[in-house]
Each structure stands twice: as C-alpha cells, then as structure tokens.
Amino acid sequence: IAYLPTPAESQRAIDMAMKMAYLRDQNEGRGSVLLSATPVTNSPMEIFNMLSLVLPVEEFEKFGIYTVDDFIRVFGKIATVDKMTVKGEIVQKDGLVGFQNLDGLRNLFHRYTNMKNADDVNLKLPDAPESHESVEMNAEQHDAYETLREEAKESSKPAFARNKNARALFAVMRDMDKVTTDMDLYNQTMTFTFPTEKADQLTKLIESLPQTITTDRFEQNEEGQEIKVKVDVELDYSLNKEGDTQVLVVPDVFEQAVIDRLVDVGIDQADVSHPLTPKYAKLIANLQSEYDIKGKQIIFTEEKTQHHKLKRIIVNQLGIDEGEVGIINGTDAAGAKLQRIADSYNAGSLKIVICNKKAEVGVNLQKGTSAIHHLTLPWTPASIQQRNGRGVRQGNTAKRVNIFYYLALLGRA
C-alpha cells in the first residue's frame, strides 16, 4: 500500500510479542505496563504494534482484526492513488489516504493508553528558544540551485507534458537540499585544504593513492526502495593553489584513503581541513560561542558522508582536540558503540556530537546540552520534535537549550 512503510520483521519484536502474550495468558488477561516516549511517530502501524503488546486478543477480534493488514483495513481509508516512480512514471496503486471508524480507534487506544506531556505533570524542562540562521549561498551554489530549480519545474509537469528524460521530482529536491549545504555532497566529491608548505608531502600522498576503489552506492528501484550496488570509482582529482592553501579535490569514496596516508607522508591531521560553505561558517560561529561558555552541543545532519568531514572542520576551526567530538550514525555508533558515545557525552569528555536519525530516538544526550544545531532538516515535524527532545528533556542540568535551524537564501555571494 502506498504511503505505508514495509519494514522487515524484527526478531526482537516477535520475541517481545510472544512474551507479552504469555504474561496475559498466565494472568487472566492482565499483562505488563509499558512506558514509551514515542508511542506513535510515523505510521498507523505503530498504533497496532503498541496496542498488540497490551490488548487481550479478544479486543481486536471484536473488530475482526487478527493481523496488521486487518487493522489497516478496518481503520484506514484505502483508495486508488497516482504514485510517481523513480523514473517519473505515474502508476496507480492502493494508498492510505485517511482514517475511518475513528470513534472505535480512539476508544480502543485511550482505554489502554494514558498519554501525558510535560505540562500535564508539571515537569520542568529547559527553555528552548529557537533561531533561524539564514545564510546566502555562494555563487557556485546559486548557479547549481537555479539549474536544479528549472529541472524541478520540468519534473513537476504532468506525465504527458514532461520530458521523457526528466528525473523524479523528489530526486531533484534532494539534490537541491545538498547544494544548499555543500557542493561536495552534490558533486560526490571531497575537497581537502592543506597548508602550502605541505605541497611536497601532498604530491607523495596523491602518488600513493589507488587508481580505483570499489564501493557501495545506493540506487532506487521502481518502487522507490533503495538498493545497494557495487561500483568502481576511478581516481579523478584536481590540485590547485589558492593563496597560502593547497586545494585537493577527489571523489568522495577516496576520503579515507587520503586520511590513511597522512602520517606516512608526514602531514599532521590538524593541518587538514575543508572549505567553509556559508552554512558551515555560520555553524562554526555558533559552536564557538557555546563552546566558550563550556556548553555541550548536538549537530544533526542526515548526510552521513559528511560526518567525518564536518568533524575535521570543527577540530580545525575551533582548535579543539578531536577526542572532544563524537559521531553517531549507523556505522560509527553500531552496537555497543552507541551507548559508549552517549556515556562519554553525558560524562563530559565529549563536548560535541554529530548525528543523523540514528540519534533521534533511543539515546540519552541531555546532560549539560546547551545547543542543538539542525544543519539539515528532516522531512517530518515529528523528527524535529524527536531531535530537540535529545536535549530539551528531564535530566538536563542546563537551564536553556538554544535551537538553531540553518537555512539557505537564494542570493549571490
């Protein structure tokens, strides 16, 4: 069904469901009391999943509900909708367009759910003033954005009037978002800057780089699902002198190859940085202000490929130890690493954490957090709320958490 997620079954969830059913069976229908800060965030299927852990099956059966499909059929309004594929073609599919039988759903939900917010229980939270940090894009960003904007106009036309080679509108919109943050994201490149006196060492580094790297790229299939494919990326680089700086541009998959060779050629990692885009420059200024008053800070950006780059920029620009900056994403905070990073942040050894959606739920980062920076914005308001909830919550010793949203203006630098 269009507009509904189709996640794979979770063995942990199945295990939980079986244990809850066992407890109800052993206690004449009575089960556990469950606590959650996020009972429903994105999908009506989450309502079913949460209720199925506490409801006696007889309650669902009164509505003719035995599976999640039954739940959607009873309480969801299904209609035929036009859906654009990744190639821009329009296909007709069943889609969830609304709800029905809401009185029954509300009765069922509130009979077993007691929802309270901070105001309901007089829970004192830190003040959270919000600031929109608007910056003008530079000339290169401006030109690329204008080109993409014209492409978006073409992509938004009806199928019969659209160029057959037009990309899907959402693919164009994603590129527009990348351009506003960093042209490296859009170009799939990585731009390094080195002091001019490191020119000889830099030449040796380039000579030692592999000519090809095989990497995983994600592409979208006809259903809009991301699939992983193997691609060979050749070393196509440029090296230019700009003032007292050597600027090296390589394909983004060569980032780690460059970093791994620094020590061998005699370049200190503290000498490595990247150009400051307008958004990065504004972010650094705000980070410096909060760092100077010994605040701890969280940066949210969904672009995982930029996390280590952003860390190097912060270390270089603020002049701090790299051990003070942590990263939370599916790779750098896999498994037990996530808890270790959270513990280090809450203990104070980490001052800044760079995150993506991996940190939106299920991780506590509130102790001493004084600022939250949204370098990129998510698609849903619920994600904004979850992000801010990492710091604006009970247990934060800071009385105030400054919230920064970084926005790009269509202006020429």
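1. Which residues line the largest cavity? In this predicted model, the lining is made up of Thr181, Leu185, Tyr280, Thr301, Glu303, Gln306, Leu310, Leu375 and Thr376. By class, 4 of the lining residues are nonpolar, 4 are polar and 1 is charged.

2. As to volume, the largest cavity holds about 40 Å³ of space. The structure has 1 cavity of 30 Å³ or more.

3. The largest nonpolar core comprises 21 residues. Those touching the most other members are Phe192, Phe194, Leu248, Val250, Phe254, Val258 and Leu262. At least two residues of this core come from each of β4 (189-195), α9 (199-208), β8 (245-251), α10 (255-260) and α11 (262-265).

4. Apart from neighbours within four places in sequence, Leu262 is in contact with Phe194, Leu205, Ile267, Gln269 and Val272. Of these partners, Phe194 is also listed among the core residues that touch the most other members, while Leu205 is one of the buried residues of α9.

5. Helix α9 has buried residues at Gln201, Leu202, Leu205 and Ile206. Viewed down the helix axis, the buried residues of α9 fall within an arc of 140°, and therefore they line one face of the helix. The face turned away from this buried side carries Asp200, Lys204 and Glu207, which are exposed.

Technical notes: Residues numbered from 1 in each chain as written. Predicted model: local features only at pLDDT ≥ 70, side-chain atom pairs only at ≥ 80, totals over all residues. Heavy atoms only, no water. Core = buried A, V, L, I, M, F, W, Y, C linked by side-chain atoms within 4.5 Å. Buried < 20%, exposed > 50% of the residue type's maximum accessible area, 1.4 Å probe, protein only. Helix = DSSP H or I, 4+ residues; strand = E, 2+ residues; numbered from the N terminus. Contact = heavy atoms within 4.5 Å. 1 Å grid on protein atoms, 1.4 Å probe; cavity = no way out; pocket = protein on both sides within 12 Å on 5 of 7 lines; lining within 4 Å. Points joined across faces, edges and corners; volume = space filled by probe spheres on them. Nonpolar A, V, L, I, M, F, W, Y, C, P; charged D, E, K, R; others polar. Arc of directions from axis to C-beta.
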